[in-house]
Structure formats: structure tokens, C-alpha cells
Amino acid sequence: MERLALGRDFSRFLEEESFPHSVQVCIGDVQFTASGMVIAQQSSVLESKMKEENGVIVLDELVDVGTHAQKYDCFRFLYGAPISFGVDNIELCLKFSSIYSVEDMFAKALKWITMNMTCRNFHRYHRMSKQLSNSPFIKNFCSVITDFIMSNAFECANELMEVLISQQDVDVDCMAAVLMYTPKNGGALVSKWILNSENVPKFLCFSKNLDFVKLFPEQSNFTTFLSVITENSKSVETMKVVLDIQKEYFTALTREKVNMAGKPSSSTECGDDKSDARSTTSKAKSKKAKTKKPADKPQKQDCQNKKGKNSVDDQTTNKKNADKGELSSEAKLQSGRKIVIKSFPEKVTKDEISKVFTNYGVVTSVKLVPPSGCAFVEFRSIKATRKIHNLVKTNKDAITVGGKPVHVVPSAIEPQPSFEELKANPEKKIFINNLPSDVTVPDIYFTFAIHGQLKEVMITENKLTAVLEFSTVKSAKKILSMFDNGHKFTILDACVSVSPTLFQ
């Protein structure tokens with residue numbers, strides 16, 4: 001039970017001859033007489049109101065929540081009567097104290113919220129804070145909610161996920177507040193949230209404040225996330241924002257790799273010192289070998305040194321490729337053996353998916369991503385993915401899981417197109433030349449999809465050229481015309497050239 005500390009200096013009211021010492025208070029159908037001095041002492045807003053209305057206060061005009069009995073309790077609180085805060089009346093108490101500027105009442109209500117806020121109800125209080133945006137005490141309220149979310153970001157994200165799973169929507173401000181602190185499960189949460197196409201424009205409004213590298217540590221999840229956005233909204237504005245998000249993501253990813261590798265200058269100097277030390281030791285050992293061991297032994301040692309040197313060179317090359325954002329040949333092979341499937345029933349298990357795709361090759365792993373509604377299937381051989389891609393091109397509903405046709409999407413790096421594939425439908429295809437070495441299919445898609453309905457992107461083996469196939473001949477000719485008229489197409493900050501395919 002909380003009480004209001006009453007002020008006892010009423011002398012200022014004696015100097016006002018027209019001051020309404022007796023006030024008629026109306027709460028619904030109930031009317032009663034109250035002391036104007038007591039009311040004015042606790043609330044300057046109510047003092048002004050009763051002077052304007054000639055000694056009459058109607059509480060229902062401004063406070064639109066709570067019962068008449070609860071409003072009466074709030075009014076009695078001004079007289080020093082105790083009040084018990086609870087789930088049923090806390091919103092009314094916050095509104096009453098905000099509208100009529102009763103600071104002590106608001107502070108006591110906020111104290112109760114601080115003690116009783118949990119991950120189950122924090123979004124309810126977050127919604128209340130938005131409704132009280134004009135309150136003179138709103139900063140304190142927002143500070144309490146922000147501190148709670150910051151300390152419990154992971155648990156708050158889990159609660160919002162449960163809300164979404166129960167087919168309820170989450171307020172955009174609440175979603176932004178949780179994602180701002182990049183919980184580990186934040187990527188899955190926002191992926192689930194944007195499945196509702198109405199939330200895509202809302203997400204784009206606060207996307208600049210998010211750290212996508214922390215939200216999506218795995219690049220494949222990030223790519224799937226972007227594809228969901230573009231499927232739900234194909235406007236030019238959406239494509240531009242998505243392209244900015246993608247550039248920022250890969251720039252931050254590259255920067256992170258460089259930081260993990262360490263500073264080049266310090267590592268080089270350290271490496272030189274160690275190299276000199278190894279060289280001196282090697283010379284000393286070489287002299288001992290000449291005096292004590294037969295001639296064939298140093299030859300064996302030289303072979304081992306060369307083998308070790310080759311191994312170090314390979315590691316150095318792989319490291320340089322990683323710093324540039326390029327994938328090793330092994331990584332490319334692994335990605336080529338993977339496919340992404342979507343639109344399958346929610347209750348489908350890994351075993352059911354594996355059983356279906358075993359018909360096309362040996363399945364090595366199946367990874368479900370429930371929030372995004374997709375799964376990754378990896379095969380032992382790249383021939384299996386090639387077989388599946390060829391099948392779904394002729395009949396997109398050819399593969400069913402759980403009695404429902406599934407949508408098959410290529411992995412981040414698709415199997416290389418064959419000559420026959422490049423030659424088909426030449427009038428709908430164009431060449432993209434001078435591509436950056438670290439280009440990916442999404443990079444190309446987000447540059448050209450805004451100019452026409454893009455059906456497929458195929459990157460050639462050297463990764464310097466790609467073939468784009470559009471749904472119509474008109475779209476392909478539009479791109480060629482734009483390039484001829486001086487339009488510059490850029491991918492990853494590099495200008496690329498456009499030309500008709502050689503098969504036309």
C-alpha cells in the first residue's frame with residue numbers, strides 16, 4: 001500500500017478571492033464534493049481545470065482506461081488515502097498521474113513496475129510507455145524499460161518469438177528496442193517477424209541501427225533473410241535499402257576478419273625476427289650435420305623442409321583469400337553440394353527430409369532453421385545438387401516433403417552452369433563482365449533485379465563473368481539500352497560492363 005506525501009502549506013489560496021474552495025467531482029454517474037485546496041496542492045493541472053470550469057472536474061474526459069471505482073481510488077490518493085498497485089490498475093495510475101502531473105504517484109507506480117517487470121510482460125509496459133510519450137515523466141519510464149531489455153535481451157527475444165509463434169504480431173518499437181542490443185537469437189527473431197509482409201517497411205525504417213554481423217553470424221542465414229525481404233516487397237526503395245544492408249554486412253565481415261588476423265605491420269616485423277632466429281639455428285644444425293652425418297641425410301632433411309615450406313605457403317594463400325573475402329576451393333565445393341529448401345510443413349523432421357532427398361544422392365547433413373521456415377541439405381557429391389536443379393527447372397513442384405511441394409533454392413555458390421544452360425533462351429540473357437573476385441549471386445541480383453524481373457543468375461567458373469536470364473526479352477533489352485546510354489552499373493563498388501550473350 002502506497003500513500004501520497006501531502007503538502008501542508010495552503011496559505012497561497014487565502015489570497016485568491018475567486019478560488020473554488022468547494023469542487024464538484026464527476027466520475028461517471030457518481031458526483032461528490034471535494035476540497036479545492038487539497039486538489040490544487042497536489043496537481044497544478046487539476047487546479048487550472050477546476051478554475052476554468054468554475055469548480056467542476058470531470059475525470060472521464062481525459063482518463064479513458066480503468067473502472068469508475070479505480071478512478072475514485074486514484075482521486076482519493078490525492079487526499080492521502082493508500083492505494084494498492086497491481087496489473088489491473090497500473091495503466092490507469094500511470095495515465096492519471098501523467099495527465100494530471102502527480103509526480104509522486106507516477107514515481108510510486110514506476111517503482112512497482114520495476115519490481116514486477118518480467119520477460120513475460122515487458123512488452124506490455126513498453127507499449128504503455130509509447131502511449132504516454134507526452135508525459136512529463138516519460139524519460140524515467142523509458143529508462144526503466146531500456147535497462148531491463150539491456151540486461152535480459154536474450155530472454156526478451158525468446159518471449160517475442162513465442163508471441164509471433166502464437167500468431168500474434170509484435171509492435172515495431174518493441175522489436176526495434178530488443179534488436180538494438182543484438183541478442184544471439186535476434187537474427188531468428190527478425191526473420192520470423194518479417195514473414196508478415198506488412199512488417200517489412202517497418203523493419204527498413206530502423207535497420208540502419210542494427211549490427212547484422214552479430215545478428216547473422218552465418219552468411220547463409222543472412223542471405224536467406226534478404227531473400228525473404230525482397231520476396232515480400234519488390235519496390236525500388238526496398239531494393240536500395242537491402243543493397244545498403246548487404247554492403248554494410250560484407251564490409252563489416254571483412255573488417256572483422258582483418259582484425260582477427262592482426263595488424264600486418266607488427267606481425268611482419270615479428271615474423272622477420274623469428275625468421276632470422278630460425279635461420280641462425282638452421283645454419284648451426286647444418287654444420288653439425290656436415291661433420292657428423294652421412295651425405296644422404298641432409299638431402300632427406302631438405303625434402304622435409306620443402307614439404308613444410310609448401311604447407312606454410314598454402315596456409316598463407318588461404319589466409320590471404322579469407323582476408324579478401326574469397327572462398328577456398330574446399331569451401332566452394334562444400335557450398336556447391338548444398339541446397340536450401342523452403343515452404344515445407346512445420347512438423348517435418350530431419351529424417352523425413354533426408355529420406356526424400358536420398359533419392360537424388362547420399363545426404364550428409366540436414367539443418368533445420370525453424371524461424372525462417374527453411375532447411376539446408378548437404379550431399380556427398382555435387383552431382384546430386386546438379387540433378388535436383390535440373391529437375392526443378394522443368395517442374396518446380398517435382399519434389400514434395402510431407403505431402404507438400406517444396407521450393408528449392410541454390411546455395412550461396414551455385415553449381416557452375418553448363419554450356420547447354422548458357423545457350424538456352426539467348427534472347428532473354430545478357431553477359432555481365434569485369435565482376436569483382438568476391439562477388440556472390442545476391443550481389444548481382446540486388447543490382448539488376450530493380451530494373452526487370454530477373455529469373456536466374458549464373459556465375460561462370462572464373463567468377464569474372466555472369467549470365468543473367470530475365471523473364472522477358474523486354475527486360476533484357478532494357479538493361480542493354482541503359483548501358484548503351486551511359487548508365488553505370490556497380491557491384492561491390494566496382495563498375496561492370498553489360499553485353500548481349502554470344503549465342504544471340
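I am working from a predicted model, and I turned to helix 19 to begin with, which covers residues 382–394 and has 13 residues. From its first C-alpha to its last, helix 19 reaches 19 Å, which I noted as close to the 18 Å expected at 1.5 Å a residue.

I then looked up which residues of helix 19 are buried, and I listed Ala 384, Thr 385, Ile 388, His 389 and Val 392. Looking down the axis of helix 19, I found these buried residues within an arc of 130°, so they line one face of the helix. On the face turned away from that buried side, I recorded the exposed residues Lys 383 and Thr 394.

Next I examined helix 4 (residues 90–99) and helix 6 (residues 122–131), which pack at an angle of about 20° with their axes 11 Å apart. I marked the crossing of helix 4 and helix 6 as right-handed. For the residues that meet there, I wrote down Ile 90, Glu 91 and Leu 94 from helix 4, and Arg 124, Tyr 125, Arg 127, Met 128 and Gln 131 from helix 6.

Last, I looked at the protein chain as a whole, whose secondary structure comes to 22 helices and 14 strands. Of its 504 residues, 41% are buried. I also checked contacts between residues at least 6 apart in sequence, and 67% of these join residues at least 24 apart.

Note on methods:
Residues numbered from 1 in each chain as written. Predicted model: local features only at pLDDT ≥ 70, side-chain atom pairs only at ≥ 80, totals over all residues. Heavy atoms only, no water. Helix = DSSP H or I, 4+ residues; strand = E, 2+ residues; numbered from the N terminus. Expected span 1.5 Å × (residues − 1). Buried < 20%, exposed > 50% of the residue type's maximum accessible area, 1.4 Å probe, protein only. Arc of directions from axis to C-beta. Axes fitted to C-alpha atoms, helices over the stretch in contact; angles between N-to-C directions. Left-handed = near helix turned anticlockwise from the far one by under 90°. Contact = heavy atoms within 4.5 Å.
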